[in-house]
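Here is a short briefing on one protein chain. Look over the sequence and the model first, then read the points by topic.

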Amino acid sequence: MESSPINLLPPDSLHQIFSSLPLRQIMICRSVCKFFNQLLTSQCFTEIISTRPPLNLLALRPPHHHSHRHGGNQTANNNNIRPYIHVYDPEENQWFRFNLDFLPFRSPQPVASSSGLIYLWGDSIDSSESSKSLVACNPLTRQFKVLPQLGSAWSRHGTVLVDSANRVMVLTELAALYYSGVVIANQWLKFSSNLPSKPRSPVLMSSSVFALCDVGSPWRSQWKLFSCKLTNLTITHTNWKCLERHEWGDIFDIIKRPRLLRGGCDSKLLMIGGLKSTFSLNPACSTILILRLDLESLEWEEAGRMPLDMYRGFQESSKFKVFGGGDRVYFSAKRMGKLAMWDFWEGWRWIDGVPGYGDGLCRGFVFDAKLTMMMP
């Protein structure tokens with residue numbers, strides 16, 4: 001490459017040439033040689049393509065493991081493994097991975113993503129004890145930022161929520177931590193949660209937090225939808241409101257073990273669960289149903305229903321996971337060996353070749369990959 005005529009072109013000309021390529025091709029060109037990698041990771045080039053639409057990908061969360069469980073040798077071995085995250089491109093139907101070896105943390109555990117950034121828990125490599133920090137990073141630019149320190153209990157029990165403005169919340173049944181990135185002294189704000197039960201699949205969107213809570217008895221679940229506006233947060237009280245309308249009827253009674261996901265925009269909320277075949281105490285389900293709530297009109301509509309031949313595989317499994325969001329929802333189950341995907345525009349299909357999960361039960365989140373520089 002040193003003797004190639006392309007080296008005679010000025011950087012500005014090369015930037016203009018490469019900026020005409022789609023983001024997928026730019027990422028491929030970065031791996032051709034060191035010269036291309038330096039050229040296409042420069043701040044100047046990144047600023048040129050910063051407004052490019054993102055790649056809508058699925059990132060898998062690593063399987064649960066305990067790196068310190070087997071003593072020092074196991075920890076040392078884990079430290080020699082280059083960390084990475086498995087990613088699926090639904091447009092190209094391909095699996096690949098992003099290396100996370102630029103992060104100075106042990107066993108990084110990605111948990112959420114928004115606006116091109118991935119949020120993860122990581123143990124400091126300078127400490128022999130577990131001291132997890134929440135970190136925001138961009139695998140494409142290999143930049144990262146450590147958020148203000150949190151106690152280890154938050155990483156074990158809290159759910160990390162991020163919105164399109166990269167506001168972060170760590171939510172538990174009893175309390176919530178909120179971080180906007182511009183607060184005084186760069187600190188987390190702590191609030192009492194005061195929810196009636198443990199929040200299920202909470203979502204941060206449209207400047208509000210949404211969560212499902214079981215307000216029923218130990219013998220029979222009764223799910224309700226709760227919301228709280230970020231502007232209503234106070235130091236002493238978090239103002240959660242139960243969202244319900246008479247017109248909804250028995251919408252929560254027909255869904256077994258519902259989950260929430262962010263819809264295709266900030267005004268849509270998805271609820272996914274098994275469609276009950278009867279109203280008995282422990283009914284069987286006939287399929288998996290996807291409902292969509294318009295947050296402006298507060299009206300529900302059916303967005304999708306899993307085909308019966310696809311649902312048979314989940315019917316035989318004792319446990320399955322739902323993740324994704326936007327216009328795509330993904331489903332995994334034990335011993336399935338593949339994912340089911342619902343696309344709002346294209347319908348249902350299978351995804352083969354899921355990497356890294358022995359039992360087939362995996363979890364993940366939407367990763368809108370972008371080549372944007374992180375703010376300090």
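Glu301 and Arg292 form a salt bridge, with their closest N and O atoms 2.5 Å apart. A salt bridge here is a side-chain nitrogen of Lys or Arg within 4 Å of a carboxyl oxygen of Asp or Glu. Glu301 is partly exposed at 37% relative accessibility, whereas Arg292 is buried at 15%. Buried means under 20% relative accessible area, exposed over 50%, and partly exposed in between (1.4 Å probe, protein chains only).

This is a predicted model: local features need pLDDT of at least 70, side-chain atom pairs count only at pLDDT 80 or more, and totals for chains, interfaces and linings use all residues. Residues are numbered from 1 along each chain as its sequence is written, and side-chain values use heavy atoms, leaving out hydrogens and water.

**Other salt bridges**

- The whole structure holds 12 salt bridges.
- Asp89 pairs with Arg24, with 2.6 Å between the closest N and O atoms.
- That pair links distant parts of the chain: Asp89 sits in strand 2 and Arg24 in helix 2, 65 residues apart. Helices (H or I, at least four residues) and strands (E, at least two) are DSSP runs, numbered from the N terminus.
- Asp89 is buried at 3% relative accessibility, while Arg24 is partly exposed at 21%.
- Glu247 and Arg245 also meet in a salt bridge, at 3.6 Å from N to O. Glu247 is exposed at 58%; Arg245 is partly exposed at 34%.

**A buried arginine without a partner**

- Arg200 lies in strand 12 (residues 200–205).
- Arg200 is buried but has no salt bridge. Its nearest side chain of opposite charge, Asp214, is 8.0 Å away. For charge, Lys and Arg count as positive and Asp and Glu as negative; His and the chain ends are not counted.
- Beyond four places in sequence, Arg200 touches residues including Trp223, Arg257 and Arg259. Contact means heavy atoms within 4.5 Å.

**The nonpolar core**

- The largest nonpolar core has 30 residues. Such a core is a set of buried Ala, Val, Leu, Ile, Met, Phe, Trp, Tyr and Cys residues joined through side-chain atoms within 4.5 Å.
- Phe18, Ile85, Leu103 and Phe367 have the most contacts inside this core.
- Domain 1 (10–52) and domain 2 (53–63 + 82–369) both give residues to this core, so it lies between them. The domain bounds come from an automatic or database domain assignment.

**The whole chain**

- The chain has seven helices and 24 strands.
- Of its 376 residues, 48% count as buried.
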